[in-house]
Amino acid sequence: MKWRSLEESGPGVDARPLREIFAERKELISKYVPPQTQAVHAATTTALKQQRLAANILPVGAKIPEFQLQDHDGKNVASSNLLVKGSLILCFIRGRWCPFCVAQMEAMNLLLPEIAQAGATFVAVSPQTVQQSFFMRDQHKLRFPLLSDPGNKVAKQFGLTYRVPDEQKAIDQRAFVNLSFVNGDDSWELPIPATYIMSGDGMVLHALANEDYTDRPEPENIVRLVQTAA
């Protein structure tokens, strides 16, 4: 199945609620993706939920681990430098190959002015390489840093990672999702999508994660949480 590129999209920006955009993409998946493939995706999500991965992530009240990662331009970005600016929204995503990650990032991109007005900074983190992050930012006209987390080292400290099951891996490879190439390693590990909101001292104020990659918080709700924390 082929997702629309930026050039194929209409000239306007899709400002619908994220749930509506996701519902449309789920409908396309239901219509065009073979049932056997859908069943494997569902089984992977069910297995992750049974592991209660989201229930055991770095919790509210904890201090985030210090980190230094490269952004989409290959520049080093330290967590301490991000936090000195005020509140921080740290969003863990799977990568540019995931249409749900793309939709979420485009939606957050629209609300950057409100985020800045609330005294916060928005940053996305994924295991994809610096080059892949550059391509994602350029293609989708994103105006925030995309940090590369090689080997999911930071995501692991947040308790977010899992290894893609072999059956899911086979399907991804047939769909030309080669994580070994996209992420630059052979681990086939991914983070579950998660959004963290932290105060300037690195204290976790809100931690939102879901094993289901098709279920993410509405950007407007994230902004409201940041405004409340300010």
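The legends below describe close-up views of a predicted model.

Residues are numbered from 1 along each chain as its sequence is written. Local features need pLDDT of at least 70 and side-chain atom pairs count only at pLDDT 80 or more, while totals for chains, interfaces and linings use all residues; side-chain values use heavy atoms, with hydrogens and water left out.

**View 1. The packing of helix 1 against helix 4.**
Helix 1 covers residues 18–32, and helix 4 covers residues 99–110. Helices are DSSP runs of H or I with at least four residues, strands are runs of E with at least two, and both are numbered from the N terminus. Two packed helices are described by the angle between their axes and the distance between the axes. Here the axes come within 10 Å and cross at roughly 160°. That angle makes helix 1 roughly antiparallel to helix 4. Axes are lines fitted to C-alpha atoms, for helices over the stretch in contact, and angles run from 0 to 180 degrees between N-to-C directions. Angles under 35 degrees count as roughly parallel, over 145 as roughly antiparallel, 65 to 115 as roughly perpendicular and the rest as oblique. The crossing is right-handed; a crossing has this hand if the near helix is turned clockwise from the far one by less than a right angle, and is left-handed if anticlockwise. From helix 1, Leu18, Ile21, Phe22, Arg25, Lys26 and Ile29 meet Pro99, Phe100, Ala103, Gln104 and Ala107 of helix 4, where contact means heavy atoms within 4.5 Å.

Glutamine 104 sits in helix 4. With a relative accessibility of 2%, glutamine 104 counts as buried. Buried means under 20% relative accessible area, exposed over 50% and partly exposed in between, with a 1.4 Å probe and protein chains only. Not counting residues up to four places away in sequence, glutamine 104 touches Leu18 and Phe22, as well as Cys91, Ile93, Thr195, Arg216 and Pro217.

**View 2. The largest nonpolar core and phenylalanine 92.**
The largest nonpolar core has 67 residues, of which Leu90, Phe92, Met105, Phe122, Phe158 and Tyr196 touch the most other members. Such a core is a set of buried Ala, Val, Leu, Ile, Met, Phe, Trp, Tyr and Cys residues joined through side-chain atoms within 4.5 Å. Helix 4 gives the most to this core, with 7 residues. Neighbours within four places in sequence aside, phenylalanine 92 is in contact with Val125, Val154, Ala155, Phe158, Leu160, Ile192, Pro193, Ala194 and Tyr196.

**View 3. Valine 125 in strand 4.**
Strand 4 spans residues 120–126 and includes valine 125. This valine counts as buried, at 2% relative accessibility. Beyond its neighbours within four places in sequence, valine 125 is in contact with Leu69, Leu90, Cys91, Phe92, Ile93, Leu147 and Asp149. Valine 125 and alanine 155 are 30 residues apart in sequence, and their C-alpha atoms are 8.3 Å apart in space.

Serine 87 belongs to strand 3, residues 87–92, and at 12% relative accessibility counts as buried. Residues up to four places away in sequence aside, serine 87 touches Gly119, Ala120, Thr121, Met198, Ser199 and Gly200. Asparagine 76 belongs to strand 2, residues 76–78, and is exposed, with a relative accessible area of 55%.

In helix 8, residues 166–174, the residues Gln168, Ile171 and Asp172 are buried. Seen down the helix axis, these buried residues fall within an arc of 100°, so they line one face of helix 8; the arc is that of the directions from the helix axis to the C-beta atoms. The face turned away from the buried side carries the exposed residues Asp166, Glu167 and Arg174. The buried residues pack against helix 2, residues 35–50. Helix 2 and helix 8 pack at an angle of about 135°, with their axes 10 Å apart. That makes helix 2 oblique to helix 8, and the crossing is left-handed. Thr37, Val40, His41 and Thr44 of helix 2 meet Glu167, Gln168, Ile171 and Asp172 of helix 8. Phenylalanine 176, which follows helix 8, has a positive phi, near 65°.
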